[in-house]
Amino acid sequence: MRKPLLCVALLGAVAALSIPAAASAARPHSYVVLLEHGTSAADARAAIRAAGGTIVRSNTAIGLVTVNSASPRFLSRAKAQGAVAGVARNRVIGRSPGGGSDRKPPWRDVENEGDGHRGPAKPAPVPSGDDLSGLQWDMQMIGATPTGSYARQQGSHDVRVGIIDTGIDGSHPDIAPNFDKALSRNFTVDNPPNTGIDDGPCEVPSCVDPVDEDDDGHGTHVAGTVGAALNGIGVGGVAPGVDLVNIRAGQDSGFFLLQPTVDALTYAGDHGIDVVNMSFFIDPWLFNCRANPADSPAEQADQATIIDATTAAVKYARDRGVTLVAAEGNEFTDLGHPTVDTTSPDFPATPAKTRTIDNGCLTEPTEAPGVIAVSSVGPVEPNISPFPRKAFYSNYGVEQTDVAAPGGDSRVFFGTPQFNAPQNRILNAYPLNVARACGEVDAAASGLAAAVAPLSGVVTWAQDVLAGLGIRDSHASLPDVLRALYDLAGDPKETTDVSGAHPKVAAELLSALVEWRKNTPRFPRDPHKDPDEPDQRTREMLRALGYVE
Ligand SMILES: [Ca+2]
Ligand SMILES: [Ca+2]
Ligand SMILES: [Ca+2]
Ligand SMILES: [Ca+2]
């Protein structure tokens, strides 16, 4: 599930929570199956067929396939196959007559806090800034301003930032100058109502949105925070000259399914993406536990498969030089000591339950090995502290928090007119189609997506330094990025103070990265390869499955 919410107006009506379990038993279901390492296409096909299923989509890099089956025994039969390492239930296929399993995600109440407040927004004058720059306290906090990092280095289209989110509105005037449509991909299909996930009406006949569309608003906001153009209008991003690539894995409704997320990660690894931003958790489990007594065997299998497939996909991307950044989440939980999960599963047919959990349970992809985890801070309240403080909703903890970044906090300035004001949140790009559906023109949103997006820019800067120091390599980039960032910021103990990335340092980091990127080949791949053309292994799999000649 995406971390913050902008507007839910595009969703269809949310029906009642419960659906009789018996009603869904005979309906076709979708599953995600993780194959044992090295399983051939033929063996995979045979194993899935023997279990009573049909492969409809495959990721050969990870060995993850999506399977449709109407057999009520598919789960048990699949697990009995030697080629199958794990099975997770995906979603219901087809509509349930009169059914109503679509959920209203529980985090919406937190994310929407303050939405009713529409106080006057008065930008302070910012020399040479875009016309809304005065409202961007987040950029001012990290020194991304006309007199700060913008004056020295704004990024380069040689640096590719992948946004794994709900899509990017490529026509937005602050996004268009930096949007890389040719490299962008959409790995999702809009879901019909009564399947547990309701993406509202399909906007195009195929139900597969174009790569420059965002029907939610979340992904565009994140992309703008990373790299909105300095063009005299609207807002600016952290690195306003970088290449923004939409690698979409999020549904219109904000759900993130396992297969699209894994596909997006391997795509990033295969196509030279430098940094990836992930402001979501993989549904339906906020925390994934391998053997929680509170869960049924099928639920335990769901969660183990999500952990294993995500870990493999993250490793695949990191091995190819991608730096991965993720939000910690909005449940005000210490990720080193989680005790209860009241959110999961958030789809499809089983109601969410209250589970006792422990630190063996992981929120993914945030807790996958090698992912930089980010907590969120709000605007500085000078009468309380000269430093930014953790946002009320943000997850935290010394085990997990690598760094914090501005993400907004509606509850700061309590007792003053600024309490609950939209100016306490993060202003950035917003799709016109969503704004119209919500009856708005401008929007401010808080949440960790907004927090993570600036960090993607900061990581970009830090990678530069590593290049300059000659210590960058694809396996060591994560800790080295952070070490370099802390060292150069001059205050390694302050993990809650990303503002320590001084504008001068940030600019030098970004300059070095641009130079490094000019002279460094991306992960080796066939330069003549069409990004849309399947590689040889994929082609073999597709042929074995009868999709191509
Ligand atoms: Ca839709
Ligand atoms: Ca759509
Ligand atoms: Ca702008
Ligand atoms: Ca943990």
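# Calcium sites and aromatic contacts

Phe256 is buried, at a relative accessible area of 0%. The model is predicted.

- Asp199 and Asp252 link distant parts of the chain, 53 residues apart. Asp199 lies in the loop between strand E6 (185–186) and helix H7 (218–227). Asp252 lies in the loop between strand E7 (243–248) and helix H8 (258–270).
- Both Asp199 and Asp252 are buried.
- Glu203 forms a bridge between the calcium ion (ligand 1) and the calcium ion (ligand 2). The two ions lie 3.6 Å apart.

**Calcium ion (ligand 3)**

- Asp130 (OD), Asp174 (OD), Asp174 (OD), Ala229 (O), Asn231 (OD1), Ile233 (O) and Val235 (O) coordinate the calcium ion (ligand 3). These contacts fall at 2.1 to 3.0 Å.
- The donor spacing along the chain is D-x43-D-x54-A-x1-N-x1-I-x1-V.
- Asp130 and Asp174 link distant parts of the chain, 44 residues apart. Asp130 sits in the loop between helix H4 (108–111) and helix H5 (137–141). Asp174 sits in the loop between strand E5 (160–164) and E6.
- Asp130 is buried because its relative accessible area is 6%, under the 20% cut-off. Asp174 is also buried, at 2%.

- Leu335 and Glu367 are both buried.

**Aromatic pairs**

- With ring centres within 6.5 Å as the rule, the count comes to five aromatic pairs.
- Phe187 and Tyr267 make an edge-to-face pair. Their centres are 5.7 Å apart, with 65° between the planes.
- That pair links distant parts of the chain, 80 residues apart. Phe187 is in the loop between E6 and H7, and Tyr267 is in helix H8.
- Phe187 is buried, with a relative accessible area of 17%. Tyr267 is buried as well, at 6%.
- Phe256 and Phe280 form a stacked pair: 4.0 Å centre to centre, 0° between the planes.
- This pair again links distant parts of the chain, 24 residues apart. Phe256 lies in the loop between E7 and H8. Phe280 lies in the loop between strand E8 (275–278) and helix H9 (297–319).
- Phe280 is buried, with a relative accessible area of 0%.

**Charges over rings**

- Arg320 places its charged end over the ring of Tyr316, 3.6 Å from the ring centre.
- Arg411 has its charged end over the ring of Phe392, 3.7 Å from the ring centre.

Key. Residues numbered from 1 in each chain as written. Chains lettered and ligands numbered in written order. Predicted model: local features only at pLDDT ≥ 70, side-chain atom pairs only at ≥ 80, totals over all residues. Heavy atoms only, no water. Donors = N, O, S within 2.8 Å, 3.2 Å for Na, K, Ca; no water. Helix = DSSP H or I, 4+ residues; strand = E, 2+ residues; numbered from the N terminus. Buried < 20%, exposed > 50% of the residue type's maximum accessible area, 1.4 Å probe, protein only. Phe/Tyr/Trp six-rings, centres within 6.5 Å; stacked < 30°, edge-to-face > 60°. Lys NZ or Arg CZ within 6 Å of the ring centre and 35° of its normal.
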